[in-house]
Amino acid sequence: YSLEWFSKLFEQGIANSQPSDEIKQRLVNLNDYFTLSLYENICRSLFETHKLLFSLLLTVRIMAGEDKIDMNDWRFLVTGAPPLKKLDNPCPEWLKPN
């Protein structure tokens, strides 16, 4: 995707979203319309198996922006728990410590 594509999508969002006289409501309308439009346009180019992952990542980013998700919990979900005990390096001449 290019900046030109993104800019056109953004301009279409401004033109096609529900108008409102209240600034806060207008921003909510723009954000909702643009998010849906972005999702639909990107999903057109994804394989079916990748759409669910994209939906998860988009949702997590939206929730993180609204402070509705604990980033420590998200990091734990993505990376897993730290090891419970430290294991000795089985081959120190090949595997250097970090």
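This note goes through the predicted model point by point, from the overall fold to single residues.

1. Overall fold. The chain contains four helices and zero strands, and reading along the sequence gives the pattern α-α-α-α. The radius of gyration is 21 Å, well over the 13 Å that the globule rule gives for 98 residues, so the chain is more spread out than a compact globule. Along the principal axes, the C-alpha atoms fill a box of roughly 65 × 30 × 25 Å.

2. Among the contacts with a separation of 6 or more, 31% are accounted for by residues 24 or more positions apart.

3. In soluble globular proteins, nonpolar side chains tend to be buried together. In this model the largest nonpolar core has seven residues, namely Leu-9, Phe-34, Leu-38, Ile-42, Cys-43, Phe-54 and Leu-58. Helix H2 (23-43) and helix H3 are the elements that give two or more residues to this core, and H2 gives the most, with four residues. One member of the core, Leu-58, also touches Thr-35 and Tyr-39, when residues up to four places away in sequence are not counted.

4. Leu-3, Phe-6, Phe-10 and Ile-14 make a nonpolar surface patch of about 400 Å². Phe-6 has its place in helix H1, which covers residues 3-16, and this residue counts as partly exposed because its relative accessibility is 36%, a value that lies between the limits of 20% for buried and 50% for exposed.

5. Side chains of opposite charge can pair when their charged atoms come close, and the structure holds three salt bridges. One of them joins Glu-4 to Lys-8, with the closest N and O atoms 3.3 Å apart; both residues lie in helix H1, four residues apart, which is about one turn of the helix. Glu-4 counts as exposed at 53% relative accessibility, whereas Lys-8, at 47%, counts as partly exposed. In helix H3, the side chains of Lys-51 and Glu-48 meet in a salt bridge with an N to O distance of 2.8 Å, and these two residues are three residues apart, again about one turn of the helix. Glu-48 is exposed, since its relative accessible area is 61%.

6. The salt bridge of Glu-66. Glu-66 forms a salt bridge with Lys-68, and the closest N and O atoms of this pair are 3.3 Å apart. Glu-66 is partly exposed, with a relative accessible area of 42%, while Lys-68 is exposed, with a relative accessible area of 57%.

7. Backbone at Asp-67. Which residue has a positive phi although it is not a glycine? Asp-67 has this feature, with a phi of about 55°. Asp-67 lies in the loop between helix H3 (48-65) and helix H4 (71-79), and the residue counts as exposed because its relative accessible area is 69%.

Key: Residues numbered from 1 in each chain as written. Predicted model: local features only at pLDDT ≥ 70, side-chain atom pairs only at ≥ 80, totals over all residues. Heavy atoms only, no water. Patch = residues over 30% accessible without salt bridge, like charges linked within 9 Å, V, L, I, M, F, W, Y side chains within 5 Å. Areas by Shrake-Rupley, 256 points an atom, 1.4 Å probe, with all protein chains shown as cover. Salt bridge = Lys/Arg side-chain N within 4 Å of Asp/Glu carboxyl O. Buried < 20%, exposed > 50% of the residue type's maximum accessible area, 1.4 Å probe, protein only. Core = buried A, V, L, I, M, F, W, Y, C linked by side-chain atoms within 4.5 Å. Contact = heavy atoms within 4.5 Å. Rg over C-alpha atoms; globule rule 2.2 N^0.38 Å.
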